[in-house]
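The following explanation leads the reader through a structure step by step. Please have the sequence and the model at hand while reading.

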Amino acid sequence: MIRTVRSLALVALAFSLAACAPPPPPPSAEFVAPAKKPLDAKTQLETGRTY
């Protein structure tokens, strides 16, 4: 019985320490949105966008 109580206490301690851990950093912008490829001249003329 005491062994079970000790194991439960250790598990509770481990969970409480894990809950206090800092959150992981957010993903970098490189992985969130890949860079746009440049438009070719024909597409720029058709859409009116210049980059």
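In this predicted model, Leu13 has a relative accessibility of 46% and therefore counts as partly exposed, a class that lies between the limit of 20% for buried residues and that of 50% for exposed ones. Leu13 belongs to helix 1, which covers residues 2-19. Together with Leu10 and Leu17, Leu13 forms a nonpolar patch on the surface. The accessible area of these three leucines together is about 320 Å².

The helix that carries Leu13 may be considered next. Helix 1 consists of 18 residues and spans 26 Å between its first and last C-alpha, close to the 26 Å expected at 1.5 Å a residue. Is this helix buried or in the open? The number of buried residues among its 18 is 0, so helix 1 lies largely in the open.

The view can now be widened to the chain. There are 3 helices and 0 strands, and the pattern along the sequence reads α-α-α. Of the 51 residues in the chain, 0% are buried. The chain has an accessible surface of about 5,300 Å², and carbon and sulfur atoms account for 69% of that surface.

Confidence in the prediction remains to be described. The average pLDDT of the chain is 81, and 78% of the residues score at least 70. Among the elements of the chain, helix 1 has the highest mean pLDDT, at 91, whereas helix 2, residues 29-32, has the lowest, at 57.

Key
Residues are numbered from 1 along each chain as its sequence is written. This is a predicted model: local features need pLDDT of at least 70, side-chain atom pairs count only at pLDDT 80 or more; totals for chains, interfaces and linings use all residues. Side-chain values use heavy atoms; hydrogens and water are left out. Patches are made of residues with over 30% relative accessible area and no salt bridge: like charges are joined within 9 Å, nonpolar side chains (Val, Leu, Ile, Met, Phe, Trp, Tyr) within 5 Å. Accessible areas come from the Shrake-Rupley method with a 1.4 Å probe; for residues, only the protein chains shown count as cover. A salt bridge is a side-chain nitrogen of Lys or Arg within 4 Å of a carboxyl oxygen of Asp or Glu. Helices (H or I, at least four residues) and strands (E, at least two) are DSSP runs, numbered from the N terminus. Buried means under 20% relative accessible area, exposed over 50%, partly exposed in between (1.4 Å probe, protein chains only). pLDDT is the predictor's confidence in each residue, from 0 to 100. The expected span of a helix is 1.5 Å times one less than its number of residues.
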